[in-house]
Amino acid sequence: MQRKKGILLLAAPCAIVLLVLFIIPMVYVLVSTLREDGLKYFVKFLTDTFYLKILWDTILISVEATAICLLVGYPVAYFLARTKSKIKNLLLIATVFPFLVSAVVRAYGWMVVLGQNGLLNQFLQAVGLIDKPLEIMYTYKAVLIGVVHLLLPYMILSITSVIQSIDENIEYAANSLGASPVQTFLKVTLPLSTPGIVSGCILVFTLSMTSYVTPKLLGGVKFRMMSTMVNQEVNVNFNWGFASAISYILLFCILVFQIVATMATSGTLKRLGGAKNA
Amino acid sequence: MRKKEKGRVSPLPVVVTVLAYFFILLPLVVVILASFSPTPVLKFPPEEISFKWYANIFSTSGKFVSGFVNSIVIALVATVIDIFLGVTACLSVSKYNFKLKNVLVNFFTSPMFIPSITFAFVLLQLFSGIKGMPAWSKILIGHIVIILPYIVRNTLAILSSFDWTLEDAAASLGAGPVTTFFKVTLPVIKPGVMAGALLAFLYSFDEAVVSSFLTNAKFSTLPVRILNYMEFSFDPTIAAISTILILGSLALMLIMERVVGLDMFLKT
């Protein structure tokens, strides 16, 4: 009894704050949108190929960003986890420190690099590879570069932490039993690092789907994602009903993804057994 | 032989690592270079060094200084409130095992699973029905919710290795629950709480989505002021202020490495 009271008393402040400031508003705005406009704006979104294309682009760019982060991040994580050199700490600082720099600043950096008179175009023209400046800003490519830059550190850290906890002696054992380095990697290291890959991919995909500052600055009005569409409807078209529908469609996609990803991967992780707590 | 093999990494990861860090650091280095550019468009290599964009930070209509102060105050207040909310919440789910434990943990970290843009819109819609509410209170409410999971996760992580018999020992020696918490539990879990608080503070300080939806002309945070400034002009004043933020983050990073270590970022 005493115990129950203690739990309730300690959980109450946080639970009340989250209920009042988070859960109830989230439900209230959805209900009031449905009451005012019914499913009108949800139908508008889901039947117009213009809007469906934006949802598709958002998913596509997130899938690509996740794939690139994984392909680049894995070797980096492997290096970070296994190197004994002093450079490791320096690289760890270089990985974590962009985390602490605002997305606004990082997107601005890419604007200076990728712009019409940006460093990349200056360089390519000076070398003589192109005659006319490339149009990269405000395209799919610019946003993809920005999102990968934003999220690569998350992937690196997720995978590094798991590889670090794999006992190196297992790799030596495989080696001494005659496995080549490639075989050892494919049959031992890679499977054991699955938990890091899974959590890194879920994280990067989710954060990419919901990123706002990066597509706003690097995509502008020419390349839109779901989040910048919400902004467009709120601040330019003043159609709050539609903005609400887009917000909740995005939320729905994220929740479905989270649930499916958790269910699909829990099976795989269970089969790996001991590696789960790695 | 084996000793020698240890710690050697094959060339492929090394090459990818070099390229990856070039990519990660490139835009940050470029911003720093641009801030010293004498011309509005960065020319490479730069012909001379100029500090005029730094002076511009204080003289333009961008109101960066007040934005900076606002960001610090919002982040500080939200973090302090969330330390209280987060630590009490974590204590409630850490000591005992009970049926709804996992549900509660997921509930306490739930703001993490929601797109910021959705929550930003919800608050905008909600507050539009309440007249006379100052912008700072709207932004503060938003930040209290979205940074909470950072403190909860880090505090839970450190509590999971806490030895609860220490509390029983204190209690059997006559200490009340409150004394026990402040004299026994808190000193042990402090590093985890501080790490979470630091991340939460930085997240709030850098946050631009919720803030930009709830701001007004009178009260705004630094990231929003930067975003708004960029809509009208693209001169290196932004580079100058970004450089200060980058160097600030770097300094903080080095302090963190010395004081708490970077292992907190390497947790699954």
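Helices here are DSSP runs of H or I with at least four residues, strands are runs of E with at least two, and both are numbered from the N terminus. This is a predicted model, where local features need pLDDT of at least 70, side-chain atom pairs count only at pLDDT 80 or more, and totals for chains, interfaces and linings use all residues. Residues are numbered from 1 along each chain as its sequence is written, while chains are lettered from A and ligands numbered from 1 in the order in which they are written.

**Chain A on its own**
- Chain A has 13 helices and 0 strands.
- Its C-alpha trace spans about 80 × 70 × 35 Å along the principal axes.
- Of its 278 residues, 44% count as buried (20 or more other C-beta atoms within 10 Å of a residue's own; 12 or fewer is exposed, in between is partly exposed, with C-beta atoms placed from the backbone).
- Take the contacts in chain A with a separation of 6 or more: 75% of them come from residues 24 or more positions apart. Two residues are in contact if their C-beta atoms, placed from the backbone, lie within 7 Å.

**Where A meets B**
- 72 residues of chain A are in contact with 72 residues of chain B.
- On the chain A side, helix α1 (residues 2-37) gives the most, with 15 residues.
- That side has 52 nonpolar, 16 polar and 4 charged residues (nonpolar: Ala, Val, Leu, Ile, Met, Phe, Trp, Tyr, Cys and Pro; charged: Asp, Glu, Lys and Arg; polar: the others, Gly among them).

**A helix crossing between the chains**
- Helix α5 (residues 103-114) of chain A and helix α2 (residues 11-35) of chain B have axes that come within 8 Å and cross at roughly 75°. Axes are lines fitted to C-alpha atoms, for helices over the stretch in contact, and angles run from 0 to 180 degrees between N-to-C directions.
- That makes α5(A) roughly perpendicular to α2(B) (65 to 115 degrees; under 35 is roughly parallel, over 145 roughly antiparallel, the rest oblique).
- Residues making this contact include A:Tyr108 and A:Trp110 of α5(A), plus B:Leu26 and B:Pro27 of α2(B).
- The contact residues split into 11 nonpolar, 1 polar and 1 charged.

**Two loop residues with positive phi**
- A:Tyr138 has a phi near 60° and sits in the loop between α6 (119-127) and α7 (140-164) of chain A. A:Tyr138 counts as partly exposed because it has 18 C-beta neighbours inside 10 Å.
- A:Phe238, not a glycine either, has a positive phi of about 50°. Its loop runs between α12 (226-235) and α13 (240-272) of chain A, and with 9 C-beta neighbours inside 10 Å, A:Phe238 counts as exposed.
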